[in-house]
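User: I have a two-part model open and would like to talk through how it is held together. Could you take me through it, beginning with the inside?

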Amino acid sequence: MRRRYVRNSARERRAEQRARELLCTTAGQEALETYERFGLLSVENDEYGYLIYPQRPLVAYDAVNGELLSEYCVRFRDGSDPEAGEKLPDADDVLAKWMALRADERELIGTANVHPLGRQLDPAMVRRDLAALRSWQR
Amino acid sequence: MKLLRMTPGKGDVLLAEGDPAVAEDEERLVEEFRRQLDLGMWAAVPEEGPAGTREATMVRDFSEVPLDAERVIFFPQAAGG
């Protein structure tokens, strides 16, 4: 009989906890704190940055004035265990995006489907997230 | 060195572990590394920059993995969403 995904909250909580530990040891304590406080990560250089949401698009923004630019839709799907579903735990999903952006931004962004703001995420929510994150980082 | 893979429903799982300076371990690590890439995984090596910043490097062959790397993390290739 073909196996299929059945939601298992306890298993998913354990997986998320494990993923948070990997996030901490890989991207650092501050990244974990950012994720736990705001539910996202960020990567930024002098000109622009990305907000990294779990299971949602990356949102690019202007690092100078905070203007939101575009949504970049990327997915990391793993179908090797149908009972577990295809989605990585949320903390693994943001860490995968973080590593790919850090290591090879061109490849990740080249893979993404680019959409105008508001396709999947409410721009007002993203603006609030960015403002709260920047305030906290200062 | 540990080879880890992010997985749905579990988080990271340990695929292989060994000292790449030991021939027998290296062979096992290389074999697992190739198997994961053949399965369509990407491989990243977490690193710490000189100022303590956290970075990552994508590697496409085991020869690109620094000998002193503690971990290689495999995750599914990105696709447009």
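**Core and contacts**

Analyst: In the largest nonpolar core, which has 38 residues, the members that touch the most others are A:Leu58, A:Trp98, A:Met99, A:Leu108, B:Met6 and B:Phe75. A nonpolar core here is a set of buried Ala, Val, Leu, Ile, Met, Phe, Trp, Tyr and Cys residues joined through side-chain atoms within 4.5 Å, where buried means under 20% relative accessible area, exposed over 50% and partly exposed in between, with a 1.4 Å probe and protein chains only. Helix α3 (residues 90-111) of chain A gives the largest share of this core, ten residues; helices (H or I, at least four residues) and strands (E, at least two) are DSSP runs, numbered from the N terminus.

User: Before we go on, what kind of model is this, and how is it numbered?

Analyst: This is a predicted model, in which local features need pLDDT of at least 70 and side-chain atom pairs count only at pLDDT 80 or more, while totals for chains, interfaces and linings use all residues. Residues are numbered from 1 along each chain as its sequence is written, chains are lettered from A and ligands numbered from 1 in the order in which they are written, and side-chain values use heavy atoms, with hydrogens and water left out.

User: OK, and which residues does B:Phe75 touch?

Analyst: Not counting residues up to four places away in sequence, B:Phe75 touches A:Phe76, A:Ala96 and A:Met99 in chain A, and B:Met6, B:Met41, B:Trp42, B:Ala44 and B:Met58 in chain B, a contact being heavy atoms within 4.5 Å.

User: How much area do chain A and chain B bury between them?

Analyst: Chain A and chain B bury about 2,700 Å² between them, with 59% of it on carbon and sulfur atoms; buried area is the accessible area (1.4 Å probe) that two parts lose on being put together, summed over both. In terms of residues, 38 of chain A are in contact with 28 of chain B.

User: And how many salt bridges are there between them?

Analyst: There are six salt bridges between chain A and chain B, a salt bridge being a side-chain nitrogen of Lys or Arg within 4 Å of a carboxyl oxygen of Asp or Glu. One salt bridge pairs A:Asp78 with B:Arg5, whose closest N and O atoms are 2.8 Å apart. The side chains of A:Glu107 and B:Arg60 also meet in a salt bridge, at 3.0 Å from N to O. Because A:Glu107 lies in helix α3 of chain A and B:Arg60 in the loop between β4 (54-59) and β5 of chain B, that pair joins two chains.

User: Is A:Glu107 buried or partly exposed?

Analyst: A:Glu107 is partly exposed, with a relative accessible area of 32%, and B:Arg60 is partly exposed at 47% relative accessibility.

User: Switching to A:Arg11, where does it lie, and what does its side chain reach?

Analyst: A:Arg11 lies in helix α1 (residues 9-27) of chain A and counts as buried, at 18% relative accessibility. The side chain of A:Arg11 reaches the backbone oxygen of A:Glu83 at 3.2 Å.

User: Last topic, aromatics: how many pairs does a search of the whole structure find?

Analyst: The search finds seven aromatic pairs over all chains; rings of Phe, Tyr and Trp (its six-membered ring) pair if their centres lie within 6.5 Å, and planes under 30 degrees apart count as stacked, over 60 as edge-to-face and the rest as tilted. A:Phe38 and A:Trp136 form an edge-to-face pair, 5.5 Å centre to centre with 65° between the planes. A:Phe38 lies in helix α2 (residues 29-38) of chain A and A:Trp136 in helix α4 (residues 123-137) of chain A, so the pair ties together parts that are 98 residues apart in sequence.

Definitions and conventions
A polar contact is a pair of N or O atoms within 3.5 Å; within protein, one must be able to donate a hydrogen and the other to accept it, and residues adjacent in sequence count only if both atoms are side-chain atoms.
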